[in-house]
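Hello,

Here is the structure you asked for, with the sequence alongside. Please have it open while you read the notes that follow.

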Amino acid sequence: MADLPMLQNDFYLDPHRLSPEDTAKLDAFYEHCMKHRYFNIGYPESYDFDYSDQKRFLDFHLNNCGAWDEFCNYQLQSFPFEKEVIEYFAGLFKIPFNKCWGYVTNGGTEGNMWGIYIGREKFPEGTLFYSRESHYSVAKIAKILRLPAHAVLADEKGEMVYSDLIKQIKNSRVKHPIILANIGTTVKGAIDNIATIQQKMTEAGFNRQDYYIHCDEALSGMVLPFVDDPQPHTFADGADSLSVSGHKNIGAPMPCGIALAKKENVDSIKVEIDYIACSDKTMSGSRNGHTVLYIWEFIKKHRPDYLRARVANQLALVKYTVDKFRQAGIPAWTQKNSVTVVFPKPSEEVWQKHNMATAGGVTHFVATCHQRNTDMADAMIADVVADFKRRHIRF
Ligand SMILES: *Cc1c(COP(=O)(O)O)cnc(C)c1O
């Protein structure tokens, strides 16, 4: 036994300390984060979380490399927790646990890529169909996977035009379409109806086993299970795979998500890895073991009735915001089970001040879970109304 000599002398003065300037930089950033902690009304990230009992795990590098249901030689993984998370989401999205496989991702995009990849492996000659209102990452995924892809028209409210879907599928003469359905579009909160899609596909002469449906549920995947009359969005409704963001309607200190697919299809992407004596069915190599614990804590500590009330709160805030805009003569709108309010784009200083996103002449407000009163909405509405008034804009 011997100490290794290289770092024994005092050549490296205080190697574990930051300089005073760098410490000050970090402190300033901490102040910034504290001050703006609950800023968000323009993007769907919720900040009503408290994972303080998880802080102690930041002393460990938790790495869930590989698949949680396979033996893994790496000790510091949170696989048993990941199993419980996937079991919970299998229930939420109505598929028997033994008929599906899924894992905790780095976010909605990774889950979309994984689902579309599985669809592509099932149908190597497949072509992707997604809507013009789909998240920008879908086109990127098609490019990465070198998957031929067609963007389908969306209507004014952001919902896929199903007749155009069928028209494009027919025109392209593909035998095995891979259809991406938006379960909550990023800008307008629109939901593509997978029941309607399947009905139109049947009418067009397709058997169900000849095409694939991936649901991008990044936005509304944690909303719909908790409303009284959800749009179709589960495996029971016809999804083949789906992806949900963990940092949006759940809320987490780091980006994360959940992806689920039918087990029979996942098995086609499995690879064996000697190096960690494990097999892998995921997109990444190393995976975040901490986010698994956050999602696990979220599902364990919140009873279903709490989660229903939390979503009801969001929908009440949406209704309040739409009503208040309309009373002021501004044609704001929303749609069924949506946490998004869409309205005409105000001046840049106003949408910037309230950290709101804009796209194609509209701006949106998202009823995030940390808004427990109407204060932030009221302040935003007042500024938008004053802005249109000042510029003499009437609708
Ligand atoms: C946010 C979002 C995504 C991307 O999810 P990330 O978790 O940011 O990767 C994909 N699709 C939709 C509809 C989204 O709203």
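How far is an oxygen atom of the ligand from an N or O atom in the side chain of Thr-109? The distance is 2.7 Å. Keep in mind that this is a predicted model, and that every value in this email was computed from it.

**The ligand**

Thr-109 is one of 13 residues that surround the ligand. The closest of them are Gly-108, Thr-109, Asp-216, Ser-245 and Lys-248. On its own the ligand has 380 Å² of accessible area, and the protein covers 88% of that.

**Helix α4**

Next, look at helix α4, which spans residues 136–144. Which of its residues are buried? They are Ser-137, Val-138, Ile-141 and Ala-142. Seen down the axis of α4, these buried residues fall within an arc of 145°, so they line one face of the helix.

Ser-134 sits in the loop between β2 and α4. Is Ser-134 buried or exposed? Its relative accessibility is 11%, and because the cut-off for buried is under 20%, Ser-134 counts as buried. The side chain of Ser-134 makes a polar contact with the side chain of Asn-182, at 3.1 Å. If neighbours within four places in sequence are left aside, Ser-134 is in contact with Leu-180 and Asn-182.

**Residues with positive phi**

Most residues other than glycine have a negative phi. Here are some residues to check against that rule.

- Arg-146, which follows α4, has a positive phi near 50°.
- Lys-94 has a positive phi near 55°. Lys-94 lies in the loop between α2 (79–92) and β1 (100–105), and is exposed, with a relative accessible area of 54%.
- Asn-355 also has a positive phi, near 55°. Asn-355 is found in the loop between α10 (348–353) and β11 (358–359), and is partly exposed, with a relative accessible area of 33%.

**Strand β7**

Last, find strand β7, residues 257–262. How many of its six residues are buried? Five are, so the strand is largely enclosed by the rest of the structure.

β7 pairs with β1 in the antiparallel sense, over six bridges. Within this pairing, Trp-101 stands opposite Ala-261 of β7. Strand β6 (residues 241–245) also runs antiparallel to β7, and five bridges join the two. Here the bridge partner of Leu-242 is Leu-260 in β7.

Ser-245 belongs to the range given for β6, and is also listed among the residues closest to the ligand.

Regards

Key
Residues numbered from 1 in each chain as written. Predicted model: local features only at pLDDT ≥ 70, side-chain atom pairs only at ≥ 80, totals over all residues. Heavy atoms only, no water. Buried < 20%, exposed > 50% of the residue type's maximum accessible area, 1.4 Å probe, protein only. Helix = DSSP H or I, 4+ residues; strand = E, 2+ residues; numbered from the N terminus. Arc of directions from axis to C-beta. Near = heavy atom within 4 Å. Polar contact = N/O pair within 3.5 Å; in protein donor to acceptor, adjacent residues only side chain to side chain. Areas by Shrake-Rupley, 256 points an atom, 1.4 Å probe, with all protein chains shown as cover. Contact = heavy atoms within 4.5 Å. Pairing = 2+ DSSP bridges.
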